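Subject: Structure handover and notes

Dear colleague,

I am passing on the structure below, followed by my notes on what was found in it. Please read the notes with the model open beside them.

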Amino acid sequence: MATGREKYPEKCPWDFGPNQNQSDQSNWVMKNGEDFVIFAKNKDNSNYFYVTQKQTLKSILAYEARLIFQKLLDKGYKLESHPS
């Protein structure tokens, strides 16, 4: 059951622009304890992302990836930083 409007994230780590130092990575990992979710751009179609969660890979639209990213932040997940 939907409860109002979902919060759309203003910035995701794959966005380009000032202060976005992770936009060129091949994937992004969100962690909360032992749980993790991996986001990866679809290199063949920029409208899609691959999301891996609990060893399940799904292909989803880019806007859905943004919504999932925001939900994970709200649940306490943190973006792992990768050395560039």
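This is a predicted model: local features need pLDDT of at least 70, side-chain atom pairs count only at pLDDT 80 or more; totals for chains, interfaces and linings use all residues.

Residues are numbered from 1 along each chain as its sequence is written, and side-chain values use heavy atoms, with hydrogens and water left out.

Overall picture

The secondary structure comes to 1 helix and 5 strands, and along the sequence these follow the pattern β-β-β-β-α-β. Of the 84 residues, 30% count as buried, where buried means under 20% relative accessible area, exposed means over 50%, and partly exposed lies in between (1.4 Å probe, protein chains only). The protein exposes about 6200 Å², of which carbon and sulfur atoms supply 49%; accessible areas come from the Shrake-Rupley method with a 1.4 Å probe, and for residues only the protein chains shown count as cover. Among contacts (heavy atoms within 4.5 Å) between residues at least 6 apart in sequence, 46% join residues at least 24 apart.

Strand pairing

The antiparallel pairing of β1 and β2 rests on 6 bridges, and within it K31 stands opposite F36 in β2. Strands β2 and β3 also run antiparallel, joined by 5 bridges, with K41 opposite F49 in β3 and a hairpin of 6 residues between the two strands. Next, β3 and β4 pair in the antiparallel sense over 6 bridges; V51 stands opposite K58 in β4, and K54, in the hairpin with 2 residues between these strands, takes a positive phi near 50 degrees. Finally, 2 bridges join β1 to β5, again antiparallel, and the bridge partner of M30 in β5 is L79.

The helix and what follows it

Helix α1 has 13 residues and reaches 19 Å from its first C-alpha to its last, close to the 18 Å expected at 1.5 Å a residue, the expected span being 1.5 Å times one less than the number of residues. Its buried residues are A65, R66, L67, F69, Q70 and L72, and they pack against β1, β2, β3 and β4. K75 sits in the loop between α1 and β5 and is exposed, with a relative accessible area of 61%. Although K75 and N32 are 43 residues apart in sequence, their C-alpha atoms are 8.4 Å apart in space. G76, which follows α1, has a positive phi near 100 degrees.

The core and its aromatic rings

Which residues have the most contacts inside the largest nonpolar core? They are W14 and F39, in a core of 13 residues; such a core is a set of buried Ala, Val, Leu, Ile, Met, Phe, Trp, Tyr and Cys residues joined through side-chain atoms within 4.5 Å. The elements that give two or more residues to this core are β1 (27–32), β2 (35–41), β3 (48–53) and α1 (62–74), and α1 gives the most, with 3 residues.

Rings of Phe, Tyr and Trp (its six-membered ring) pair if their centres lie within 6.5 Å, and planes under 30 degrees apart count as stacked, over 60 as edge-to-face and the rest as tilted. By this rule the count comes to 5 aromatic pairs. The rings of W14 and F39 have centres 5.3 Å apart and planes at 40 degrees, so this pair is tilted; because W14 lies in the segment before β1 and F39 in strand β2, the pair ties together parts that are 25 residues apart in sequence. F39 also forms an edge-to-face pair with F69, at 6.0 Å centre to centre and 70 degrees between the planes, which links strand β2 to helix α1 across 30 residues. F39 counts as buried at 0% relative accessibility, and F69 is buried with a relative accessible area of 4%. Ring pairs link W14, W28, F39, F49 and F69 into a cluster.

With best regards

Notes. Helices (H or I, at least four residues) and strands (E, at least two) are DSSP runs, numbered from the N terminus. Two strands pair if DSSP finds at least two bridges between them.
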